[in-house]
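The sequence and structure come next.

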Amino acid sequence: MAEIWNLEALCRCCHVDGIFKNLNEYIVDNSVENYLNLLIETLGVNIKPPPANASFSICDACISKLRGASAFKKMVLDCETKFEEYCKNELLSNVKMEPEYLAKREVLGTIANTTRELSERSERAGVAAGEAPGPY
Ligand SMILES: [Zn+2]
């Protein structure tokens, strides 16, 4: 059975029947909320005004979801901005620490050279000792 829609009274977002708030403008506590703009900014969804005398409204449940989605998007973007700033500051503080890091690397380099010299010496000694028995 095909659904029969009352095109003049339905939510354009979920198609529930009823008379709802205008998508284009609605006044809440003396400030204007524009659900169409919120839909476009948050979800990239543009609901076109109807060609005839049909609904251009949004139900309370969809408004609540839209507000939630908008708040979620804002939270993620804010967190990303903070994260990027934190990473940038971390990077800057690592650059400041570089002389100390280089000094440590020099010490490690000296230790590595000493270790290599010692092992080379013992290799030479080992080769000399290996030659000693000879063909007898
Ligand atoms: Zn709805």
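Residues 24 or more positions apart make up 65% of the chain's contacts with a separation of 6 or more. Two residues are in contact if their C-beta atoms, placed from the backbone, lie within 7 Å. The model is predicted: local features need pLDDT of at least 70, side-chain atom pairs count only at pLDDT 80 or more, and totals for chains, interfaces and linings use all residues. Residue numbers start from 1 along each chain as its sequence is written.

The chain holds three helices and four strands, in the order β-β-β-α-β-α-α from the N terminus. Helices (H or I, at least four residues) and strands (E, at least two) are DSSP runs, numbered from the N terminus.

Of the 136 residues, 10% count as buried. The term buried requires 20 or more other C-beta atoms within 10 Å of the residue's own; exposed means 12 or fewer, and partly exposed is in between, with C-beta atoms placed from the backbone.

The largest nonpolar core consists of 10 residues: Cys11, Cys13, Phe20, Leu23, Tyr35, Leu39, Ile58, Cys59, Cys62 and Ile63. Helix 1 and helix 2 (60–96) are the elements that give two or more residues to this core. A nonpolar core is a set of buried Ala, Val, Leu, Ile, Met, Phe, Trp, Tyr and Cys residues joined through C-beta atoms within 7 Å. Leaving out residues up to four places away in sequence, the core residue Ile58 touches Cys11, Arg12, Cys13, Phe20, Lys21, Leu23, Tyr35 and Ile63.

Both Asn46 and Pro50 sit in the loop between helix 1 (35–43) and strand 4 (57–58). Asn46 is exposed because 9 other C-beta atoms lie within 10 Å. Pro50 also counts as exposed, with 12 C-beta neighbours inside 10 Å. Pro50 touches Ser55 and Phe56, not counting residues up to four places away in sequence. The table gives a separation for each of these two loop residues.

| Pair | Apart in sequence | C-alpha to C-alpha |
|---|---|---|
| Asn46 and Leu36 | 10 residues | 7.0 Å |
| Pro50 and Glu8 | 42 residues | 9.8 Å |

His15 belongs to the segment before strand 1 (21–22). What is phi of His15 near? The angle is near 70°, a positive value in a residue other than glycine. Most residues other than glycine have a negative phi. His15 is exposed, since 11 other C-beta atoms lie within 10 Å.
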